[in-house]
Every structure is written in structure tokens, then in C-alpha cells.
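User: I would like to learn how to read strands and helices in a model. Can you walk me through one?

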Amino acid sequence: MTRPADWKARESALQAEASFIVQAPAGSGKTELLTQRMLVLLARVEQPEEVVAITFTRKAAAEMAHRLLEQLNAAARDSDESMLKPHELHSRELARAVLENDRRYGWRLLEQPSRLRVRTIDSLCGELARQLPLLSGLGGGQQLSDHPAELYRQAAVRTLSAIEDSGDELQSDVERVLGRYANQYDRLVGLITHMLGSRDQWLEFLLEASRGGLDRRALEQALACLVGAELAHTRAMMPGWVWQELPRFLFFNKEHEPADGDELRALLDQCEKEGTLDIPTTPDALRHWVTLISRMLTQSGSWLSGLNSKLGFPPQSSASADDKLRFQAYKNDYKALLDRLRPDDALAAQLKRVRYLPEPRYDDEAWAALESLIRILLRAAQEWQVVMAETGGADFIEIASRAIQALDDGGAPSDLALRLDYRIGHLLVDEFQDTSHNQVRLLQQLTAGWSRGDGHSLFLVGDPMQSIYRFRKAEVSLFIQAFEGRLFDQLGLQPLRLSVNFRSTAPVVDWVNAVFPQVMPEESDTITGAVSYSPSDTAPGAPAGGSVELNLTAVRDDVLEAEEVARIIAQRAAGERLAVLLRSRPQARQIVRLLDRLKQNDSRFRYRAIDFNLLGETPLVRDLVSLTMAALQPADRLAWLAVLRGPFVGLDLADLDRLADGRENAVLPDAIEAWLDGGDPVLSKDGEARMQRVAPVLSRTLALRGRRSLRELVEATWVCLGGPACVDNASELTDAARYFELVEALEAEGIPVDRDSLGQRLADLYAEPDAEADGSVQLMTIYAAKGLEFDTVVLPALNRQTRGSDTRLLYWFELADTDQVVMCPMRDEREKRAQGGLVRYISDVESRRQAMETARLLYVAATRAVRQLHLLAAIPPDAGGNVRPLGNTLAAMLWPAIGLEQAPLILQAAENAAEPAGSQAPEPLPQVYRRLPSDTVVPAPPAGLTVAPADSAEPSPYVEYRWAGEAARLTGNLVHRLLQDIAEQGADKWQAAGGFTAAEEWCYRQLRSGGVVGEQAQNIVRQAEQATRQCLASERGRWILENHAESACEAAITALIGEHPVNLVLDRTFVVDGERWIVDYKSGEHAGGDLEGFLESEAERYREQLGRYRRALALSEDRPIRTALYFPLLDRWVEV
């Protein structure tokens, strides 16, 4: 078979003794290369813990661990290899070598998969910080907070409370900053809260800048350096002939009294009469540059087209005949000069940037504000430490910084670093393009004692073309520096570049290669974060089928675009996987509405949207919020109207008006009570029927207000009103349960339950995907799609902008290749009216970097496609007939490659759209109003047993735990809950969502709530991890967890056995081939030699318990019932 074009690079990457940085474009098999590299290293080390792989998401960590175990299990089974491809055979050989090393040293990896160290960067930081809590300063009690923003806000409020304390030296600073921003206290609290969430970006700078007092001169020197660098860059961009031709026009202008005569004369001092213009690039020359630019650009930044007397081009009306000709000649010649420059959009953008450059000095008011702001932020950072100590909560930033602190010892390896040097011999880092400065510092500390050829290795892999996480502080320039040999230089990183795309068919690869050299910059640049395009090769034997379709319209119509998406979905072939990818969730609003309607009658349109639809925006949860507010506040008219109009009540508008008696201030609960007492007001026949059902329930709710927990009250009311009958599928029931859990959590934390607190918590929660969707159609953001592939990809809304970046309290900018930083406070109202300023400049730099990332985002989206790629956009022509996409949109990034061909087609489409339509518009889909029928009868709860109280039979774990000890009991609890989650979600979905890595923090929270922390908690969690990974790696374990018929986990039943009812809990039960299985999990270990004897004794120990289960179920079904014990840590199955 033909080898891929980059086979030499792939072979080199498996040299265990060397360190590499690998650029791996989309579809190049990066994960498989990482897996093979890890297998190579595991075959050479004495302990598996010496090899550590670091990823940036739980999903990626779970996928890598799964692939490793899959390879090892396949090699252990020695399964058929006849159908394996060459690269798969190579992986099989590497896995066999690992198993041989495993036998040599007695690792037992297949029995103890937790010894494979695949970690997220965050979990690694947590491990490092906790290993030496005194060195790290973290202590032993801090845990990741689920809601760190609430802790940030506490610190912000404490900081600003200084305004009430005349003895606090910060009082004057708070007064100054509040005065600068119109005394907007709440806004200032919010801004400080936001700043604390990004303190890893600014705290170190502020501490350094304020050490010994804030140095105004140093910061102004940094400003001067920034201005000078921009002027030098502009001079280099300007064509040389411009400097020679400009002077004659400027001297002509000076003679005719332009509006800026003084400034023009100062500019002309920079050249001899009719000579070459030579403007310095020093900061003091900025004003001369601004004068020149005003003669070249309009205020909006485009090239001048009209020349008038204000610029020194006199009118011809009062001139002599000879002067008229001369004046016109100067105008024509100057227009010709500008026309030569007009195609250079980059130069125009740079000149516009220079026009708004800040002055290289602070005015006194801005400087005083900056000093106060820095002191306030430093105090806020101190208050954060206090809040963290009091609450025991921490965030990822704190954990990472403490890990670095634990590793740092003034340049020499710390105690922890030396311990880790013994344990870590090889580091592999996935998605290196998404690292931040702090994360690279951590890697530098981990490898500080390593050198080339000493037996250690560092393996960095990623793709700078897929760096799309600047909002998470990812800095793509770090990848560029490492690839150029300017990071980890003591290790001698060897750069490798992969090129073969094993994912996409030839037409898709060819289109990407043709388009993206025009979308991305020509050269990579660490200063601006620019990344050039690296072309891909088609894989040997790749299919020739497939296509890329552009659907660009001249009129924006979101409904029509959604219909086009639905048409593409309907046309997909059976078994094909299709994804609709969007830049932001709001762009999918019309698509979601249309698909939600279509799926009611056509299963082809059922879609899965994971972490896409906000829980608080679903109709179900909106109704539950209204019900909650109504239960809390009888006078909340809006909430009560929403409840009465909602699907579980369903009054029409006329009956609502009658009930309120037409009064705007009517208290609706009083009207309901009046209706119950006397039947007034008179409602419609339908309304009467509905009120007869719901009014007693609502009255009872108000009577129980304050006497029941809010969760219990709202949930019971919803159920009694028939809420569960209003849901579309099981996913909505899960959404309702999560909402009730949220209400309960707010009550437990002592937080008032209102629209604000619910809104804040709901903003972080997503609705469950449609349980009836098979996953063949998915809806997600481009960010969530990274690392995935689909047969067909649809990219709608390409010409729609997203929300801009948030306002920051402090702006800062690091000057490239220097240790200098420029800083300035957020603008006040006076500064907002000014055209220039440092804030505008920094925002402009951020906009340029964001535009480059937007181009990379388009690349990520396009390269998810295997066979078909559809791009949809509406680009209306402007009033002048110009076709140009909106700024910073995906369409704007694509336009340089397609604009020349597509612009005439869009103009023609615009003309056609302006003509009278030859046919009627399609009939809109009918509105759907979901509500229960008026004659709905909510099922009554089943009657209770009139017998003695039930005996509670212990759930199976507790039998073994009474003799096995507290640690075993806690381990068993975790294992049972984890296996339940896996079975209910499905093993593949659970692993795709992050697997055990995603569940790890939950495990620690569960233990912490029971007072188990520190090393004891770590040991229990590692046991639970080993049990779940072993179960998933086992054929028997996966069979148990499959979605069999009538399957259930932790099934609670009550049965009358003998003369007494007994409560029982079945760990796992299901039906296969007409037989009922009951499986009882046993999470204990066996370290002795007689394993079979141990299993026999366990079977005897639980024989009576399993017999009781069989007898209980036999009361309600007559099929055969079989029972068994399953030991996930041993992967052994014993039928009893």
C-alpha cells in the first residue's frame, strides 16, 4: 500500500530519545500519533507513571485513555489482524511491546488502568498543588468552586467597602474611581468581579509595576516605544515614491491657506522645498503623521476622493484662466497619486491606526485614575485570598498558579520538582496551540532540570491553524515560538510537520487548499498572532466523491435560511452523519424553531444539541421559573399570568382577562380564591373546566407556602397540575429534575430564590439533548465541533456578527520582544468623545488578533467535513451597489477568496429580488400552542399497602461494606453511582463527554460532603476510577451496561415476601432473550492467591440476598429470572 506523503515525519515522531514539536493539521491523525508515541514510551520505562500525557479537555483525555486501553486489550486478546491497515498493525505491535514490559515489571495495566497517566492540565495542576500544600500555599482544604464568580463578587464588594471606612487608605482611591465613572457602584462591582476572573493576565504585571511605587516615567517610555514602533512600521509600508512626490502638493496646499495651515507648515519643515519628505518615526513626530494622513484618508478611514479648499486645493470659480488649468492639474495629479494607493487596503488601515495612536504621555487625571485603579485591583486580589480561605473554594487560576509556585524555587528545581523528576520521565502535550503563558510556565518548571540526551523527552503536538480559544487565554504565538526553537531550548525541540488529511475526500481537501491561503496571512508572526496556512495532502486511496457548495443570497431572511438547512438535512443519505455548525448559539434560533416543529411529524429532523440550548431558555424551564415566582410571590402578576396561560393550565386570553376582572392591578390568587368560593367571574366553558382542575391545586400551593421546602412545593404543584404530561420526551423530564435540584441547592446555600439568582445559575446549565434523536443530525458551535468529523457539514449565518468583547476596567498591552507593558484605565465619558487614545489602540490590536482567530475558526469549521460542505450567507449590497460582508464575520474572512466570483452573482440576485415575485411566498408553518386538553385528568397516586411498615433490605453494597470498612463502603458508593451514570447515558456518550476525567471532581465533592479529604479521598477516587475503566474495557462489563430492554439502575421496588413488605434496591436489571437478569455489583478487591475460592465464598455470602431479589420480581412477571455478581475491579462474573 502507498505510504502517506509525510511518513518520514510520522516515523521520526516515534523516536523515544528525542523531543519534538509537531504541527498536525486537521484530519492528520494527531490522536493516533500521540497514542503510538505513548505506547513507544511505555514499552521502555520501568514504571507507567513516568509517562504523562496532558490534554486541555476532559473529552480529549478520556479519548486518549480509551484508545490506549483499546489497543492494549486488543493486543492481549490477540484478535484477528487480517483486516487491519498498516498503521493499525503498527499500533498493535507497539501495544504488544507494552504488554511485554507490563509482564516484566508486574504493572497489571489491564487490571489497574488508572496507572496510565492521562490528565487534563487543570487536574495535573491540582495534583501538583496538593502534593506539597505548604510550598504551594494552597493548604489542604481548598476545592474547586462550582460558582467562582460568586466568590469574585464577594471580594469585589469587600474591596469597595473601603469607601465607608475613613481610616482605610483605599477610601480616596475608591472615591476617585467612582467619581470618574459617574458613581455607578453596581457596575464597578461587576467590572472588578470580571477582572478577578482573569487575574492571571494582569496580577503579575501590576505587582511588578507597583513594586517600589508606580513608575510613571517607565510606563510613558513604554507608550513612546509603542508609538515609535507603529510609525516605523507605517514608514516601511509606504511606497518609496510617495515620499518623493508628496512635497510638491504639500507646498502647493500651503500657498492656498488650508484649514490646517500651522500644522502643514510644521510638517513641511521636515523636507526641503520640492525635495523628499522625511518624517521621523519618533513619538514627537506623531502630530506630523496625523497632518499627512488627514490629506490622504477620510474620517472613516477610506482613501480621499474629493479635494477641497480646506485641504489647500482652491476653487476654480474665481481663478484666472491660467490658474484654473494649473489648479486642475494639481488636483488631477494628486487624485492620480491617491488612485495608485487606493488598492492597498492594508496601508489605509495602518494609516487610520496611526491617526488614532495615543499621545506618548498620560494626562494628570488619567494617571491619578490609573494609580487608584491599580491599588483597588491589588486590594481585590488580596480580598480574593481572604474569601478563598473563608469559604474553602478556589478556581482553576488559583490551582494553576499554586502549582507553579510549588515547582518554583528561584530558578533552581524545588523539592516537588525534584520528586517529580524522579517520577516523570516523558511529557506529551496535546493541543499545544491552546496553551496560555501560565501553562507554558508550568511546563517550563516541570522540565527545568531536563536536558537533551538525558533520557527525558517532551512531545508537543497541535495545529496553530486551529487555535480558536483566545477567550480562554490561549496564545498561539507560543506554538510559533516553540516551533522556531525559542522555547524549551535546553531540550532541542525538533520541529515536524504533518500534511496528510485522512479525514476528507479529495474535493474538500482541494477546496480548502485553494481558499485558505487567501484567508490566512502569508507569514506567521508572534507579535500579531498571525498564522500562515500549511497545505494538506489527500490521503492515499481517499475517495474522489464529495463537493463544496456555496449558497450566498442578497437578502437576509433567517427563516428561508433555516428552510435551506432543513432541505439539506432531508436530502442526506441514510446512515450519514450531519452537523450544523454555528459561531454562536443565538444564530441558531430560527433553525432550532423550524427543526423543533418538523421533528414532531418526521424523525429525520430530530437533532442532538449537546451543551447548546441554555436550560433557562427552554419553554419548560421558563414555565417552571414562573411557577416558582408565583409560589413565592402572590402579587407577582406576570408570574401568575404566565402560569395560568402555560401548558399545564392553558387558559385563553379572554378567560385571563375575565379572571383579572379587566383590572391591571388585580391580585390573581385572590381572583382564584373568589372563583373557588362563588364561581365568579364567569368563564368560558373551556375555562371553567380548566379552573375546576387547577384552582384547588394552586390554592393548596399558597396555603403550604413557607411550610414546605420550595423545591418540594414547586415540584409537587407542577406534578399535580399535570406538568409531566406536557413534556415532549424524556430529556425534558431530566431538565425539570435539574431545575428542581437547582432550587434545592439555592435554598441549601441560603441564597434567596428570585429571578436574578435563578438566572445566574441557569446561565451555566444546558438542556439535555433530545433523547429520541439518534445522533445522525447534530447542532453545535464550531468550538464544540473541534476534534470531530461529519459526513456533511452545514455552515449557516456566515455573515452574522457576534457580540463584541466586554468592557474592561483596566486595559493593558505587552510590547512584543520586550519586558514593557502599557496600561490605561477604562475611558470616562470625556475620553469616549475623543477620537484616539490608548484604549482605542489596544482595542484595535485586539480586533486585529480577533480577525485572525476568526479566520482560523472558519478553517476549523470547514475541515470537519468528510464529503459535503455547505456554506450559507446573506450579503446584501449597499446603496452604492458594493457587495462586502460585515466586519469580523466568517463571510468577511472568506471574501478575499470568493468575492471576485460571487459579487456579480449576488448583485444579480439582488436585482431579481427587487422584481415582482412571479409566485406566492410559501405558506408559513402553523403556530403550535402546546397545552393540556381541558378534560385532562391527572392520574391519582397509587393506593398504599395497608400492612405493617416495610423492612428495609440493605442495598447490596452495604452487606460487603459492614465487614470491609469505611473506605470500601465509600468506594462502592462512588462505583455504583458512576456505573449508573454510564448505563443511563450510554458508555460511548459518557466517554465522549469526558468519561471519568469529567466525573472526577464530582467524586471529590461527594467525599468532601462526608468529611473525607486528602490522601484518603485520593485513594478512594483512584479505586473508583480503576473500577469504571476496567468495566468499560471489559466485554462483559460493557454488556452489562448496554441499553437492553426494560433496563434500570438502582431500581427500588417494594415486594410482599411472606407477611411483610420489603424494600429492595437492584443495582442493575434488564431483559435479554426473554430472560430477566439481576446483576449485583461488588467493588471489593482480592489480593490473595485463591481467586476462585474467593469468588465461591462471595457467591455463597450473597446467595440468600439474590434469591430474595428473584422472589420479589417473580411476583410481577413470569419470565425466567437469573442473578449474578459482577466484580468490576477483577472483571469477574459469577452467576448465583
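**Strands, then helices**

Analyst: Strands here are DSSP runs of E with at least two residues, helices are runs of H or I with at least four, and both are numbered from the N terminus. This is a predicted model, where local features need pLDDT of at least 70, side-chain atom pairs count only at pLDDT 80 or more, and totals for chains, interfaces and linings use all residues. Residues are numbered from 1 along each chain as its sequence is written, and side-chain values use heavy atoms, with hydrogens and water left out.

User: How many bridges join S16 to S19?

Analyst: Two strands pair if DSSP finds at least two bridges between them. Strand S16 (residues 790–795) and strand S19 (residues 865–874) run parallel and are joined by five.

User: Which order do the strands of the open sheet have?

Analyst: The order is S13-S19-S16-S14-S15, with parallel pairing. S13 (547–553) and S15 (777–781) are at the edges; each has a single partner strand, so one side of each lacks a neighbour in the sheet.

User: At what angle do the axes of H40 and H41 cross?

Analyst: Axes are lines fitted to C-alpha atoms, for helices over the stretch in contact; angles run from 0 to 180 degrees between N-to-C directions. H40 (residues 995–1009) and H41 (residues 1014–1033) cross at roughly 140°, their axes coming within 10 Å. That makes H40 oblique to H41. Under 35 degrees counts as roughly parallel, over 145 as roughly antiparallel, 65 to 115 as roughly perpendicular, and the rest as oblique.
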